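Please keep the sequence and the 3D view open while you read.

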Amino acid sequence: MVYFDKHKMKLVLDNLLSNAIKYSYPNTKIIIDISQKEGQIVTKIIDHGQGIPAEELSNLFHPFQTSSVK
């Protein structure tokens, strides 16, 4: 049994998928992998875009932060 905020989970997944689509190079695959590991649900969105610069990774999970990637 897993309990979570359905609305927030939808927002997170929508954002991850829309960014993967928006920033991936043309004609590349986007892989969605959902699995269970050690009692946790692990969700991976794997795309083939340019990525986020290493110096900006620490800002990823702060509200209203954006990346310099265009």
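## A first look

Of the 70 residues in this protein, 6% count as buried; buried means under 20% relative accessible area, exposed means over 50%, and partly exposed lies in between (1.4 Å probe, protein chains only). The model is a predicted one, in which local features need pLDDT of at least 70, side-chain atom pairs count only at pLDDT 80 or more, and totals for chains, interfaces and linings use all residues. Residues are numbered from 1 along each chain as its sequence is written, and side-chain values use heavy atoms, with hydrogens and water left out.

The protein has one helix and two strands, and from the N terminus on its elements run α-β-β. Helices (H or I, at least four residues) and strands (E, at least two) are DSSP runs, numbered from the N terminus. Along its principal axes, the C-alpha trace spans about 40 × 30 × 20 Å. The accessible surface comes to about 6500 Å², and 58% of that belongs to carbon and sulfur atoms; such areas come from the Shrake-Rupley method with a 1.4 Å probe, and for residues only the protein chains shown count as cover.

Contacts tell us about the fold too. Among contacts between residues at least 6 apart in sequence, 26% join residues at least 24 apart, where contact means heavy atoms within 4.5 Å.

## The two strands

How do S1 and S2 pair, in the parallel or the antiparallel sense? They pair in the antiparallel sense, over seven bridges; two strands pair if DSSP finds at least two bridges between them. S1 and S2 form a hairpin with two residues between them.

Not counting residues up to four places away in sequence, Thr43 touches Leu13, Asp33 and Ile34. Thr43 and Ile32 are eleven residues apart in sequence, and their C-alpha atoms are 7.4 Å apart in space. With a relative accessible area of 36%, Thr43 is partly exposed.

| Residue | Phi | Place | Relative accessibility |

## Ser24, a buried loop residue

Is Ser24 buried or exposed? Ser24 is buried, with a relative accessible area of 15%. Its place is in the loop between H1 and S1. Leaving aside neighbours within four places in sequence, Ser24 is in contact with Asn19, Ile30, Asp47, His48 and Gly49. A polar atom of the Ser24 side chain also lies 2.5 Å from the backbone oxygen of Ala20.

## A salt bridge in the helix

Side chains of opposite charge can pair when their charged atoms come close. A search of the whole structure finds one salt bridge, defined as a side-chain nitrogen of Lys or Arg within 4 Å of a carboxyl oxygen of Asp or Glu. Which side chains meet in this salt bridge? The side chains are those of Asp14 and Lys10, with 2.7 Å from N to O. Both residues lie in helix H1, four residues apart, which is about one turn of the helix. Asp14 counts as partly exposed, at 39% relative accessibility. Asp14 and Val69 are 55 residues apart along the chain, and their C-alpha atoms are separated by 19 Å.

Finally, look for Val2, Phe4, Met9, Ile21, Ile30, Ile32, Ile34 and Ile41, which make a nonpolar surface patch of about 760 Å². Helix H1 (6-23) and strand S1 (31-37) are the elements that give two or more residues to the patch. Ile41 is found in strand S2 (residues 40-46). Patches are made of residues with over 30% relative accessible area and no salt bridge: like charges are joined within 9 Å, and nonpolar side chains (Val, Leu, Ile, Met, Phe, Trp, Tyr) within 5 Å.

Notes. A polar contact is a pair of N or O atoms within 3.5 Å; within protein, one must be able to donate a hydrogen and the other to accept it, and residues adjacent in sequence count only if both atoms are side-chain atoms.
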